[in-house]
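User: I'm new to this one and would like to learn how to read it feature by feature. Could you walk me through?

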Amino acid sequence: MLEKTRFTKQKQVIMGILRQADSPLTPSEIYEQARAQQPSIAKSTVYRNLESMQERGEVVRGILENGESFFAAAGEHAHRHYMICKDCNKMQDLPECPVEKLEKEIAEAGDFLVTDHVVQIYGYCRDCAKKHRPLDT
Ligand SMILES: [Zn+2]
Ligand SMILES: [Zn+2]
């Protein structure tokens, strides 16, 4: 029972952090902020919570170009898409889901049951783009 209560409390801390964040956070960033609120929290606990929250659709997970995961609160939409800066890892929301129409077409064709999709755009944010003109990659 005690274990269950603690689990919920930690989940609330993590959810609070994700809701307040302007952009998605990596597990280490979430852990740093969670520790500020709950010094006893373990990194593995943060990871475990993030995983179960993802399974329940409460958070959205994405992958940075370096393979590291990031998380965001799911919000009203089941998923979000991001443009990710390869330099500073800043993430900006895509204004809309580019796959929705395609998903509908696949559903109508009836050959495949779509449950989810991932779309991420990599590149450079406005600040970092100044350092990377199109021609010098
Ligand atoms: Zn950047
Ligand atoms: Zn989408």
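Predicted model: local features only at pLDDT ≥ 70, side-chain atom pairs only at ≥ 80, totals over all residues.

User: Which residues coordinate the zinc ion (ligand 1)?

Analyst: Cys85, Cys88, Cys125 and Cys128 do, each through its SG atom, at 2.2 to 2.4 Å. Along the sequence, these donor residues follow the spacing C-x2-C-x36-C-x2-C. Cys88 sits in the loop between β3 (82–85) and β4 (91–93), while Cys128 belongs to helix α5 (residues 126–129), so the pair ties together parts that are 40 residues apart in sequence.

User: What is the geometry of the site of the zinc ion (ligand 1)?

Analyst: The general idea first: ideal angles are 109.5 degrees for four tetrahedral donors. Here the angles among the four donor atoms run from 103 to 115°, and the site is tetrahedral.

User: Are Cys88 and Cys128 buried or exposed?

Analyst: Buried means under 20% relative accessible area. Cys128 has 6%, so Cys128 is buried. Cys88, at 41%, counts as partly exposed.

User: Now the strands. How do β3 and β4 run?

Analyst: A general point: in a regular strand the side chains alternate between the two faces of the sheet. In this model, β3 and β4 run antiparallel and are joined by three bridges, with Ile84 opposite Met91 in β4. Five residues lie between the strands of this hairpin, and among them Asn89 takes a positive phi near 65°.

User: In which sense do β3 and strand β5 pair?

Analyst: That pairing is parallel: β3 and strand β5 (residues 120–123) share four bridges. Cys85 stands opposite Gly123 in β5. Cys85 is also one of the zinc donors.

User: And how many bridges pair strand β1 with strand β2?

Analyst: Five, in the antiparallel sense, between β1 (residues 59–63) and β2 (residues 69–73). Arg61 faces Phe71 in β2. The hairpin of β1 and β2 has five residues between the strands, and Gly67 has a positive phi near 95°.

User: How should I read an aromatic pair?

Analyst: A pair of aromatic rings is described by the distance of the centres and the angle of the planes. The count here comes to one aromatic pair. Phe70 and Tyr82 have ring centres 5.4 Å apart and planes at 85°, so the pair is edge-to-face.

User: Which residues of helix α3 are buried?

Analyst: An α-helix has 3.6 residues a turn, so residues three or four places apart point the same way. In α3 the buried residues are Thr45, Val46, Asn49, Leu50, Ser52 and Met53. The helix covers residues 43–55, 13 residues in total, and spans 19 Å from its first C-alpha to its last, close to the expected 18 Å. After α3 comes Gly57, with a positive phi near 75°.

User: Last one: where in the protein chain is confidence lowest, and where highest?

Analyst: The lowest is in helix α1 (residues 2–20), with a mean of 81, and the highest in helix α2 (residues 27–37), at 95. For the protein chain, pLDDT averages 85, and 88% of the residues score at least 70.

Note on methods
Residues numbered from 1 in each chain as written. Chains lettered and ligands numbered in written order. Heavy atoms only, no water. Pairing = 2+ DSSP bridges. Helix = DSSP H or I, 4+ residues; strand = E, 2+ residues; numbered from the N terminus. Expected span 1.5 Å × (residues − 1). Buried < 20%, exposed > 50% of the residue type's maximum accessible area, 1.4 Å probe, protein only. Donors = N, O, S within 2.8 Å, 3.2 Å for Na, K, Ca; no water. Tetrahedral: all angles 85-135°; square planar, octahedral: opposite > 155°, others 65-115°. pLDDT = per-residue confidence, 0-100. Phe/Tyr/Trp six-rings, centres within 6.5 Å; stacked < 30°, edge-to-face > 60°.
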